[in-house]
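Please walk me through this structure in the viewer. I would like to know what to select at each stop and what is there.

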Amino acid sequence: MWKKTATTLIASSLVLASLLAGCGSKDNAANGGNGAANGGDKQVQISVWAMGDEAKSLPQIADDFMKENPNIKVDVQALPWSNAHDKLLTAVASKKGPDVIQMGTTWIPEFANAGALMDLTSVVDKYPEFKEDQFYSGAVNTTKYDGKIVGIPWYTETRVLFYRTDLLKEVGYDQPPKTWDELRDAAKKLADRGNGKYGISIDMNEQSLAFMFARQNGSKLLDDQNKPLFNQPEFVEAVEYLNGFFKDGSAPIDLGLDPVQGLSGEGVVPMFISGPWMINSIKTQAPDLEGKWAVAPLPAKKNNISALGGSDLSVFQYTKHQDEALKFIQYMSKPETQIKWMQLTKSLPTNLKAWEDPSLKDDPNYQALQEQLEHSEPMPLLTTWEQIAQTYLKSFERIVRGGADVQKEMDAFNAEAEKILSK
């Protein structure tokens, strides 16, 4: 969900949780839906809330669903990410909202903790499309909270390496860097071209970057009691590694170029780490680069685990049409539906069988993404994770811009994370 989300309002979720304390759902949702899905003839209308620009394409898929299910009418509301969070909080507090909700993977802990999402654990076995082995394991992990299944994977995304094939070849790399050492070496050689050129872009606002590099270095991030491990060698070494690109001039600070601009032309910044949406951006914004760029899985240290995001579909706890809502999610989980969704929005399928479609199977860039998805995990599913991640970004900025000592800064960050987690 990273690319288009608003910052999660953690404080709001705490207020919400207190509002809901002691409140249970005693409406029809607990006893199943009604209407057409239960054998009646009356048309049932369900409301689906989806977010972002891509959600504006959802009515096209909903129309296909309604043709197959004429007794279910789907009303799609496309919400901008900027106010979706507040609207969902209001819906939960009032117990009046949609039947189906798009949940960004980082929102699952907050709204599940607040009791907003229906526990689907007892019903998923009734739907073959919901079986866990249908999806990437990382995507399945995003749908669980406190031992319960509260969503079904919808679309996914991860982080991979984008690079100029021609420029890397000029510095001795016929293949993309496969290890941390090779990435550092390639970036330095590309920066040594001089004349204001660099090797790689390290986005200082990408909050998942250090955490996934730390995982690659063997860090668990948190111990079994959810105590932070951010001042331990595995994490500290990852931060030092990322800072090293700035220290040796391989990565620019405040260059003012977006990734496509950096990749284009002479390739001022010929490598960057980002998500699958950049494939279409490069194709449309820099068609002159055709044949000169590619996508590769991230280089590895002990492993090459990347961060996994995307969105899930959940059933609103207070729905009166549980069966119809689940039938819609069932349709959205089918591989053929996920391919249609990808064609409309460029969002990656979570369904494994969908990846057998020629549009994905025959494209080397998407194959690289598929390989990375097999080694991708979500950030820790904690209601306070967003606050922890934002705190880290402030620490990293002090390291890069102010030259702060990495170990001391991570000691301070770890202490702050402990306070956040103890609240």
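The model is predicted, so its geometry should be read as computed.

**Stop 1: helix H15**

Select residues 364-373, which make up helix H15. Seven of its ten residues are buried, so H15 is largely enclosed by the rest of the structure. Show the side chains of Asn365, Tyr366, Ala368, Leu369, Gln370, Gln372 and Leu373 to see the buried ones.

**Stop 2: helices H12 and H13**

Next, select residues 322-333 for helix H12 and residues 335-345 for helix H13. Their axes are 5 Å apart and the packing angle is about 75 degrees. Angles of 65 to 115 degrees count as roughly perpendicular, and H12 and H13 are therefore roughly perpendicular to each other. To see the contact, show Tyr331, Met332 and Ser333 on the H12 side, and Pro335, Thr337, Gln338 and Lys340 on the H13 side. By class, this contact has three nonpolar, three polar and one charged residues.

Stay on H12 and pick glutamine 330, which is found in this helix. Is glutamine 330 buried or exposed? Its relative accessible area is 16%, and it is buried, since the cut-off for buried is under 20%. Leaving out residues up to four places away in sequence, glutamine 330 touches Tyr127, Pro128, Glu129 and Phe130.

**Stop 3: aromatic rings**

Now colour the aromatic side chains; the count comes to 27 aromatic pairs. Zoom in on phenylalanine 65 and phenylalanine 328. Their ring centres are 5.2 Å apart and their planes stand at 90 degrees, so this pair is edge-to-face. Phenylalanine 65 belongs to helix H2 (residues 58-68) and phenylalanine 328 to H12, so the pair ties together parts that are 263 residues apart in sequence. Phenylalanine 65 is buried, with a relative accessible area of 0%, and phenylalanine 328 is buried as well, at 1%.

A second pair to select is tryptophan 180 with phenylalanine 213, which is tilted, with 5.6 Å from centre to centre and 40 degrees between the planes. Tryptophan 180 lies in helix H7 (residues 180-191) and phenylalanine 213 in helix H8 (residues 209-216), so here the parts tied together are 33 residues apart in sequence. Tryptophan 180 is buried, with 4% relative accessible area, and phenylalanine 213 counts as buried at 2%.

Which residues form one aromatic cluster? Select Phe211, Phe230, Phe235, Phe246, Trp385, Tyr392, Phe396 and Phe413 together.

**Stop 4**

Most residues other than glycine have a negative phi. The last two selections depart from that.

Go to the loop between strand E4 (144-145) and strand E5 (148-149) and pick aspartate 146. Aspartate 146 has a positive phi of about 55 degrees, although it is not a glycine. At 65% relative accessibility, aspartate 146 counts as exposed.

Finish in the loop between H8 and helix H9 (233-247), where asparagine 226 lies. Its phi is near 60 degrees, again a positive value in a residue other than glycine. Asparagine 226 counts as partly exposed, at 36% relative accessibility.

Note on methods. Residues are numbered from 1 along each chain as its sequence is written. This is a predicted model: local features need pLDDT of at least 70, side-chain atom pairs count only at pLDDT 80 or more; totals for chains, interfaces and linings use all residues. Side-chain values use heavy atoms; hydrogens and water are left out. Buried means under 20% relative accessible area, exposed over 50%, partly exposed in between (1.4 Å probe, protein chains only). Helices (H or I, at least four residues) and strands (E, at least two) are DSSP runs, numbered from the N terminus. Axes are lines fitted to C-alpha atoms, for helices over the stretch in contact, and angles run from 0 to 180 degrees between N-to-C directions. Angles under 35 degrees count as roughly parallel, over 145 as roughly antiparallel, 65 to 115 as roughly perpendicular and the rest as oblique. Contact means heavy atoms within 4.5 Å. Ala, Val, Leu, Ile, Met, Phe, Trp, Tyr, Cys and Pro count as nonpolar, Asp, Glu, Lys and Arg as charged, and the others, Gly among them, as polar. Rings of Phe, Tyr and Trp (its six-membered ring) pair if their centres lie within 6.5 Å; planes under 30 degrees apart count as stacked, over 60 as edge-to-face and the rest as tilted.
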